[in-house]
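Subject: Structure handover

Hello,

Here is the structure for your files. Please open it alongside this note; the findings follow below.

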Amino acid sequence: MNEHNHPAADRLEAFVEGTLQDGDRAVLESHLLTCPACQTQVEEWRGLFSALSSLPQFDPSVGFANRVMEHVRIAPRAAWQEWTDRAGALAARIAPKTNYGWSLAVAFLALPILLGGSAIAWLVSKSYITTDALMGYTRDSIIEGLQGVGSTVITFVMQTELTAWVVANIGAVISTAGVTGLGAMLAGAGSLTVLSTWVLYRNLFRSPSRESDYALYSL
Amino acid sequence: MCRDTACPGTGSPSPARILDYSTLTDQQVVQLARDGSERAYRELIGRYQRPVFSLIYRLVRDREKAEDLAQDTFIKVLNAIDRYNPEYKFSSWIFKIAHNTGLDHLRRRRPDTLSLDGSPHARTAAETEASTITPESQDETPEQFTENRELGGEIEVAMGGLRAEYRTAIVLCHVEGRPYEEIAEIMDVPLGTVKTYIHRGRKELMQKLEHLRC
């Protein structure tokens, strides 16, 4: 309020614009009830706001779009550009956003390199370890490891109640629905799996940007 | 690839025939343009030709020049569509280029403040006369008549007297309905500066239009 106890013009403008805080607004509203001078100013601001918001847009002359298009180069993007865009977007999404995050990521990535490097240095320092022996040992270890994992998984799956139920009921299914029925059931289950995988892929990795997608949506 | 027309040999319309571009967001249309769809380019022009042309027209106040500058704006934007960052609003990007294009033109046109009474650096009467600008004939061509009618309302005349930055801020705020944050992004100034531009612009308009209230 100024020396005549009227609110400043800026506040009246903010009042009309609707940007005054609730408390200030209430004070001003009660002042306006008894002040014709401020009421007039508010009406003037309202008039200006109304005149400004009714200003028209203008059209350029006919053929504007064609004149622009004469100078536009339309080059379809190569498929690899889309993949590089996606790779870039994925990298931007998973890249650390802070210095602390970068430090942690570098430390995490450096750890196996340091450990692996140390191990290789130790092995190379032993005269009785040859390259052929080392390669053979690595290959055998990998095969053994995979066999171990495979047998563990198969044993685990076979011991579950679901597997036992499926095995126990499979004979019953074949006797009632026949081999064709069993095939139909497997095909149904397979389709559901494919569908769910597609939904996951679509929602997690694929952005809905292809023209054919929009065509489907707009049908 | 046949995106915008019926696929040759098949006789059936491509998906783009069925596609209703007007229902897509700006980002989706931009993506289609990046994929090489001419219709997508035309859709973007259709969406923004009025607001972009209006903004530039109010800046330069010359229809013919505004058309050239609006055309330049679209050519710049559409030829750089591959470099557009979809994290930002497309409207902010195109308005920013339109505003800068308009301002560049104004700066080129008026390197110094011109005086109708001759150069302030003139030392003799002859130099003063030589540097005096004679206004052109007051007879209006049909084009000028149309322009004057378009921008001839009291408020448009008053707007023409504002600084270009105030004009852009007020047009974006009141005509285009853009929020202050977006206007700040478009004009590349802090939010507080936008508020100041709009406040001062309105205040000047109130003063310029005062005679109408008497």
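A residue counts as buried when its relative accessible area is under 20%. Keep that cut-off in mind for B:Arg178, which has 19% relative accessibility and therefore counts as buried. One caution before the rest: this is a predicted model.

B:Arg178 sits in a loop of chain B, between α9 (164–175) and α10 (180–187). Leaving aside residues up to four places away in sequence, B:Arg178 touches B:Lys89, B:Ser91, B:Phe95, B:Leu172, B:Cys173 and B:Ile183.

B:Ser91 also turns up in the contacts of B:Tyr48. B:Tyr48 belongs to helix α3 (residues 38–60) of chain B. Its relative accessible area is 7%, so B:Tyr48 is buried. B:Tyr48 and B:Ser91 are 43 residues apart in sequence. In space, their C-alpha atoms are 8.1 Å apart.

**Chain A overall**

Chain A has nine helices and zero strands. From the N terminus, its elements read α-α-α-α-α-α-α-α-α. The chain has 219 residues, of which 17% are buried. Take the contacts in chain A between residues at least 6 apart in sequence: 44% of them join residues at least 24 apart. Chain A exposes about 16,000 Å², and carbon and sulfur atoms supply 68% of that area.

**Salt bridges**

Side chains of opposite charge can pair when their charged atoms come close. How many salt bridges are there over all chains? The count comes to 16.

One of them lies within chain A: the side chains of A:Arg11 and A:Asp24 meet at 3.9 Å, N to O. A:Arg11 is in helix α1 (residues 9–17) and A:Asp24 in helix α2 (residues 22–34), so the pair ties together parts that are 13 residues apart in sequence. Both ends are partly exposed: A:Arg11 has 26% relative accessibility, and A:Asp24 has a relative accessible area of 32%.

Another joins two chains, because B:Arg202 lies in helix α11 (residues 191–208) of chain B and A:Glu13 in helix α1 of chain A. The closest N and O atoms of B:Arg202 and A:Glu13 are 2.6 Å apart. Both residues are buried.

B:Glu67 and A:Arg67 form a salt bridge too, with their closest N and O atoms 2.8 Å apart. This pair also crosses between chains, from helix α4 of chain B to helix α4 (residues 64–69) of chain A. B:Glu67 is buried, with a relative accessible area of 9%, whereas A:Arg67 is partly exposed at 27%. Elsewhere, salt bridges that share partners join A:Glu13, A:Glu17 and B:Arg202 into one network.

**Surface patches**

Chain B carries a patch of negative charge on the surface, where B:Asp62, B:Glu64, B:Asp68 and B:Asp72 gather. B:Glu64 is in helix α4 (residues 63–79) of chain B. With a relative accessible area of 60%, B:Glu64 is exposed.

Chain A has a nonpolar surface patch of about 600 Å². A:Leu162, A:Trp165, A:Val166, A:Ile170, A:Ile174 and A:Val179 make it up. A:Val179 belongs to helix α8 (residues 161–204) of chain A. At 63% relative accessibility, A:Val179 counts as exposed.

Best regards

Definitions and conventions: Residues are numbered from 1 along each chain as its sequence is written. Chains are lettered from A and ligands numbered from 1 in the order in which they are written. This is a predicted model: local features need pLDDT of at least 70, side-chain atom pairs count only at pLDDT 80 or more; totals for chains, interfaces and linings use all residues. Side-chain values use heavy atoms; hydrogens and water are left out. Patches are made of residues with over 30% relative accessible area and no salt bridge: like charges are joined within 9 Å, nonpolar side chains (Val, Leu, Ile, Met, Phe, Trp, Tyr) within 5 Å. Accessible areas come from the Shrake-Rupley method with a 1.4 Å probe; for residues, only the protein chains shown count as cover. A salt bridge is a side-chain nitrogen of Lys or Arg within 4 Å of a carboxyl oxygen of Asp or Glu. Lys and Arg count as positive and Asp and Glu as negative; His and the chain ends are not counted. The place of a charge is taken as NZ of Lys, CZ of Arg, CG of Asp or CD of Glu. Helices (H or I, at least four residues) and strands (E, at least two) are DSSP runs, numbered from the N terminus. Buried means under 20% relative accessible area, exposed over 50%, partly exposed in between (1.4 Å probe, protein chains only). Contact means heavy atoms within 4.5 Å.
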